[in-house]
Amino acid sequence: MSEYNSVSKGSLKLKGVSLASKKKKKKDKERKRLEEQVLATESEEGTKKVYVDKRTPAQLAFDKIQEKRQMERILKKASKTHKRRVEGFNRHLDTLTEHYDIPKVSWTK
């Protein structure tokens, strides 16, 4: 065990790198933004319970576009009647090759 007595414990220290250049954490900015949002809503609403939106701008934009696309899909499906949908499906089946037909299976022939 005496071989390990001279070993220094701790993290490695690199030459030419100072410890003073630490990056600021994003939490501080996020916390300030949330606090400002809470204070603004409290002053408007009084003492009511407040929902704080913790989504990022990218998440908000994504949700907005998803909702828009969903509305487009619903309107597109609602524009066709059942009869027209069946006719379109039958046209699609007519265009398929015989490769997709179910082969006839018979044990007697």
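## Surface and overall make-up

The protein chain exposes about 12200 Å², and carbon and sulfur atoms supply 57% of that area. Accessible areas come from the Shrake-Rupley method with a 1.4 Å probe, and for residues only the protein chains shown count as cover. This is a predicted model, in which local features need pLDDT of at least 70 and side-chain atom pairs count only at pLDDT 80 or more, while totals for chains, interfaces and linings use all residues. Residues are numbered from 1 along each chain as its sequence is written, and side-chain values use heavy atoms, with hydrogens and water left out.

The protein chain contains three helices and zero strands, and its elements run α-α-α from the N terminus on. Helices (H or I, at least four residues) and strands (E, at least two) are DSSP runs, numbered from the N terminus. Of the 109 residues in the protein chain, 3% are buried. Buried means under 20% relative accessible area, exposed means over 50%, and partly exposed lies in between (1.4 Å probe, protein chains only).

How many residues of α2 are buried? The count is zero among its 23 residues, and α2 is hardly covered. The end C-alpha atoms of α2 are 33 Å apart, which agrees with the 33 Å that its 23 residues should span at 1.5 Å a residue. The expected span of a helix is 1.5 Å times one less than its number of residues.

A patch of positive charge on the surface gathers K64, K68, R69, R73, K76, K77, K80, R84, R85 and R91. The elements that give two or more residues to this patch are α2 (57–79) and α3 (82–95). Helix α2 supplies the largest share, six residues. K64 has its place in helix α2 and is exposed, with a relative accessible area of 64%.

Patches are made of residues with over 30% relative accessible area and no salt bridge; like charges are joined within 9 Å, and nonpolar side chains (Val, Leu, Ile, Met, Phe, Trp, Tyr) within 5 Å. Lys and Arg count as positive and Asp and Glu as negative, whereas His and the chain ends are not counted. The place of a charge is taken as NZ of Lys, CZ of Arg, CG of Asp or CD of Glu.

## A nonpolar patch

F89, L93 and L96 make a nonpolar surface patch of about 270 Å². F89 lies in helix α3.

## Salt bridges

The structure holds three salt bridges. A salt bridge is a side-chain nitrogen of Lys or Arg within 4 Å of a carboxyl oxygen of Asp or Glu. In one of them, the side chains of E30 and R33 meet at 2.8 Å, N to O. E30 and R33 are separated by about one helical turn, because they are three residues apart in helix α1 (residues 26–45). E30 is partly exposed at a relative accessible area of 33%, and R33 is also partly exposed, at 34%.

R55 forms a salt bridge with D53, with the closest N and O atoms 3.0 Å apart. R55 is partly exposed, with a relative accessible area of 34%, whereas D53 is buried at 17%. R55 also forms a salt bridge with D63, where the closest N and O atoms are 2.6 Å apart. Salt bridges that share partners join D53, R55 and D63 into one network. D63 counts as partly exposed, at 31% relative accessibility.

L34 is found in helix α1 and counts as buried, at 18% relative accessibility. L34 and K54 are 20 residues apart in sequence, and their C-alpha atoms are 7.6 Å apart in space.
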